[in-house]
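Hi,

Here is the structure I promised to pass on.

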Amino acid sequence: MRSEGQFRCKSAKDCDPRGCRLWMHVICNKLHKCTCANGAPIGGQCNSIKDCYLSGCPPNSHVVCDRQICTCVS
């Protein structure tokens, strides 16, 4: 993946998603490294909260599946 080694990301947009398997998505983790995670990212499609990546929100907010979109709420 693009971040392996010295590359640091600011968001998932900085990462190359081609390194992830079909059922996974790319995230920029707290260490500013691209990694693959289970679940849809914030803004991704969902049928229930189980479809969402639950650690994708900032502190003091949580993930919900609202209108089939993974969303952060306070």
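**What I found**

Searching the whole structure turns up six disulfides, a disulfide being a pair of cysteine sulfur atoms within 2.5 Å. Before you go further: this is a predicted model, where local features need pLDDT of at least 70 and side-chain atom pairs count only at pLDDT 80 or more, while totals for chains, interfaces and linings use all residues. Residues are numbered from 1 along each chain as its sequence is written, and side-chain values use heavy atoms, with hydrogens and water left out.

**The disulfides**

In general, a disulfide is a covalent bond between the sulfur atoms of two cysteines. If you count the bonded cysteines along the protein chain, the pattern here reads 1-4, 2-5, 3-6, 7-10, 8-11, 9-12.

Take Cys9 and Cys28, which are joined with an S to S distance of 2.0 Å. This link is right-handed, with 100° about the S-S bond. It ties together distant parts of the chain, 19 residues apart: Cys9 is in the segment before β1 (24–28), and Cys28 is in strand β1 itself. Strands here are DSSP runs (E, at least two residues), numbered from the N terminus. Cys9 counts as buried because its relative accessibility is 2%; the cut-offs are under 20% relative accessible area for buried, over 50% for exposed, and partly exposed in between (1.4 Å probe, protein chains only).

Another disulfide joins Cys15 to Cys34, S to S 1.9 Å. Here the link is left-handed, at -85° about the S-S bond. Cys15 sits in the segment before β1 and Cys34 in strand β2 (residues 34–38), so to speak distant parts of the chain, 19 residues apart. Both Cys15 and Cys34 are buried.

Then there is Cys46 with Cys65, their sulfur atoms 2.0 Å apart. The torsion about their S-S bond is about 105°, so this disulfide is right-handed. Cys46 belongs to the loop between β2 and β3 (62–66), and Cys65 to strand β3, 19 residues away.

**The cores**

Cys46 also turns up in the largest nonpolar core, whose six residues are Ala40, Cys46, Cys52, Cys57, Val63 and Cys70. A core here is a set of buried Ala, Val, Leu, Ile, Met, Phe, Trp, Tyr and Cys residues joined through side-chain atoms within 4.5 Å. A second, separate core has five residues, including Cys9, Cys15, Cys20 and Val26.

Contact means heavy atoms within 4.5 Å.

**His25**

His25 lies in strand β1 and is buried, with a relative accessible area of 9%. Not counting residues up to four places away in sequence, His25 touches Cys20, Thr35, Cys36, Ala37, Asn38, Gly39, Ala40, Pro41 and Tyr53.

That's what I have for now.

How values were computed. Helix = DSSP H or I, 4+ residues; strand = E, 2+ residues; numbered from the N terminus.
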